[in-house]
Amino acid sequence: MSIQAASRLPLKHLSLKNRRWGLIFSTSFLALILLAAVLAPLIAPYPPATVDLLRVNSGPTAQHWLGTDALGRDIFSRMIHGSRTALAGPAFVVLLSTILGLLCGLWAGWSGGRIDAVISRAFDIVLAFPALLLAILAVALFGKGLIAPVLAMSIAYTPYIGRLTRQLVATEKNRQYVSAYAVQGFSAPWIATRAVMPNVLGVVGSQTTQNFGYVLVELAALSFLGLGIQAPQADWGNMINEGQSALVSGNFLPALIPSVAVVLVVVAVNTVGGWLSDKLGDPFA
Amino acid sequence: MKILDIKELSIRVAAAAAPPLQLLEKVSMHIERGETVALVGESGSGKSLTARAVLGLLPSAAQVTGDIDLGGLAVLKASGAQLRAMRRGRAAMVFQDPRSSINPVRTLGAHLIEPMMQVPGANKAMLEARAVELLASMGLSNPEARMKQYPHELSGGMLQRVMIAGALMNDPELLICDESTTALDVTTQAAVIRLLSRAVSERSMGMLFITHDLALAASIADRTYVLRHGVLQEHGVTRQVFERPVSEYTQQLVAATPGMRSAPRSGSQPSGSAGAPVLSVENVSKTYQLRGQPPVRALKSVSLAIPAGGGLAIVGESGSGKSTLGRIVAGLEHADSGEITLAGGAITGGSARERRLKTASRVQMVFQDPYQSLDSRLTPAKALAAVLKLHYRLDAKAMRARIGQLLESVGLEERHANLYPRKLSGGQRQRVAIAKAMALNPRLLVLDEATSALDVSVQAQVLELVNKLRKDSGVAVLFISHDLAIVGEICDELLVVQDGAIVESGPTRAVLGNPQHPYTQTLLASVPRPRWETDPGAGTDPDPRHGDLEPARNNRS
């Protein structure tokens, strides 16, 4: 067997298996994080905000598995508590922006003409602002915390879902089955919501999971900048921020652990989301 | 001399977890120089796969055995470079849909010349001269200007001529036409067929003509091979194959092909009873205004009437306005002017919902492509339940009974009720579409090319079903079609439309037997007929422009 063939075969197998193992790992990982978020007070070994100035920047020990931060708080406990906002924030944004985007996109794509023009231009205007900028603006107007940025991000992410939905619906509208429904006396709103909508959900779903990853990163960035979740409440974003000072003194764990968690969750969500939209996207075609 | 010799070609595909699929089994065929050979079969028979195998275009997952000899080249054993040289020199292929097989952003000149520029020592000026010459021989006016045009500037028929010119650029010994005229109007098809026949005889090349249309094969081929499920059923001299078919399958195919049967089945229709018409259309006009384009007058003051239980066929080529008329009658679009009256008088008053439901219960429509007209998420039972729920108040038991009865009336069985459309064949899907339409007991059924996407044997069955429904329920039929050969099967009256206006009308037999209007005569003359029935000299018209009956259209195909 030539070298080429030898090196090609196992690679092929690996890539096949990778996808399955990746999916299994991602699903388990997300399930674990979700469980940790729900049961945080029960499983966290220490309260997340308890300061222990005798043990600062301890590094991993038997008492503190992931070590402590600059104020001696247990990093493991803070990670577990922080997963609540890390998951809840993006989940709300994705939910809100998907509902809004689907409604606006369906309305625009189905109606066409002037309504389409108005909605599409509105999308363009929102898209012109970076989501983070809108979130910062919301914080400036309504104060720090989770609610204002989540609402602002929901609006910022609506056009991504809305434009996609509009495009899909406008194409779907001209398919014969839509005419077939119309001939049978079904009303236009019925056809749009009950027949066309389900047929576009698969594609929209995959965009939704991508958005989850982006939003998670951007909300963490907001906290990192000190505009999101406020200390002493634990959040992955502000943990990275607070870990910066330790980084300089050679203790990289307080910043690295939440950073790695953000990356892993984003990758896992995209893996599971890709699989889900493949599976659910067009099960009947 | 044999230009192509296929010996016991077998192809199977092994999918991951499924049993291997035998796509072709020991298919042997050959083509001589200057000979036209037809390969006929229904969808899924493996005819296109055979063509791809000849050009060495099989997917890598295919397991191939046998031999293909193309003018001395063993295709199955050839290297990539040899295959590319073969496709540049010896063999060429023309596909079904010219619009999807040409790059829309390149000029026609680039399409014609670029492949040939790959050959070492190619001379651009010489190639250009050759391309212009070929375009001219394809009956395209002003060939120099055409070289700079883009595909969207040409109609489908003209584009297919360009594709043929492209195939002839390398002066091939074998030309493969894979359903190359299927997407074209009948008059355009006739012109393209004439061009192809002429090219074959002038260049003494071989032609492999792949088609599902037996009549077309009979009109062009010297010999014919019949393929079914990857197995050759029969082959021989075309006339023999069609006049005295040996295999049972060929006999069935011939019997199902309109225009090839010995006795047309027309005339068994219940003729429409006198009385109030079920549909009357008076002076209906419709104009489409697209931005930046001149208005298209789709219908120009069209009038017609269908008596209760009657059958009217509307025949015309693409862009004639026949589908627009069908959509207006079914209430999918509104006429700019004129009156549409359905049985039972005008529908006025009541809420929008009541008017919608009332219209639906009077007129129903069956669409062309059953792969697109059914919602892929609904099983037949669910689809029927949705319609019935909208129109009637039925309890669960009555609903089930009605669904069963409807499926039975269209020849579907209990087990089909809960299958998703992807599990149903084209014919079964169209039966579901018909069942949905009949669920409302309409007085009028609009069939818009309802059989043209189906295989010929299935088409015959669906036509039979429609005739049975007419007899059983007395529903009147408006049958929209481009196919003159089948309208006699179903309708007693015939309308011929051209460019949005009715040019001829009357009893089907009279119009087809003795057409008065020149356009009807042209249409009829373009219907493919067996070579042995036409004048031997007629097939070789020296002037290709004789076939150039296509009106200059933009973008409408």
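Here are some questions and answers about this two-chain predicted model.

This is a predicted model, where local features need pLDDT of at least 70, side-chain atom pairs count only at pLDDT 80 or more, and totals for chains, interfaces and linings use all residues. Residues are numbered from 1 along each chain as its sequence is written, while chains are lettered from A and ligands numbered from 1 in the order in which they are written.

Q: Which element gives the largest share of the side of chain A that touches chain B?
A: Let's start with the contact itself: 16 residues of chain A are in contact with 22 residues of chain B (in contact means C-beta atoms, placed from the backbone, within 7 Å). On that side of chain A, the elements giving two or more residues are helix H7 (176-183) and H8 (helices, H or I with at least four residues, and strands, E with at least two, are DSSP runs numbered from the N terminus). The largest share, six residues, comes from H7(A).

Q: Which helix of chain B joins H12(B) in packing, and against what do the buried residues of H12(B) pack?
A: Helix H12 (residues 352-362) of chain B has Arg356(B), Leu357(B) and Ala360(B) as its buried residues (buried means 20 or more other C-beta atoms within 10 Å, exposed 12 or fewer, partly exposed in between, with C-beta atoms placed from the backbone). They cover an arc of only 95° around the axis, so they sit on the same side of H12(B) (the arc is that of the directions from the helix axis to the C-beta atoms). These buried residues pack against H7 of chain A together with helix H14 (380-391) of chain B.

Q: Where in H8(A) does the kink lie?
A: Check the length of H8 (residues 188-224) of chain A: a straight helix of 37 residues would span 54 Å at 1.5 Å a residue, yet this one spans only 47 Å between its end C-alpha atoms (the expected span is 1.5 Å times one less than the number of residues). There's a kink of about 50° shortly before Pro198(A) (the bend is the angle between axes fitted to the seven residues ending at a residue and the seven starting there). The kink lies at Met197(A).

Q: What phi does Ser204(B) have?
A: Most residues other than glycine have a negative phi. Ser204(B) is found in the loop between helix H7 (186-203) and strand S8 (206-211) of chain B, and is partly exposed, with 13 other C-beta atoms within 10 Å. Although not a glycine, Ser204(B) has a positive phi of about 45°.

Methods: Two residues are in contact if their C-beta atoms, placed from the backbone, lie within 7 Å.
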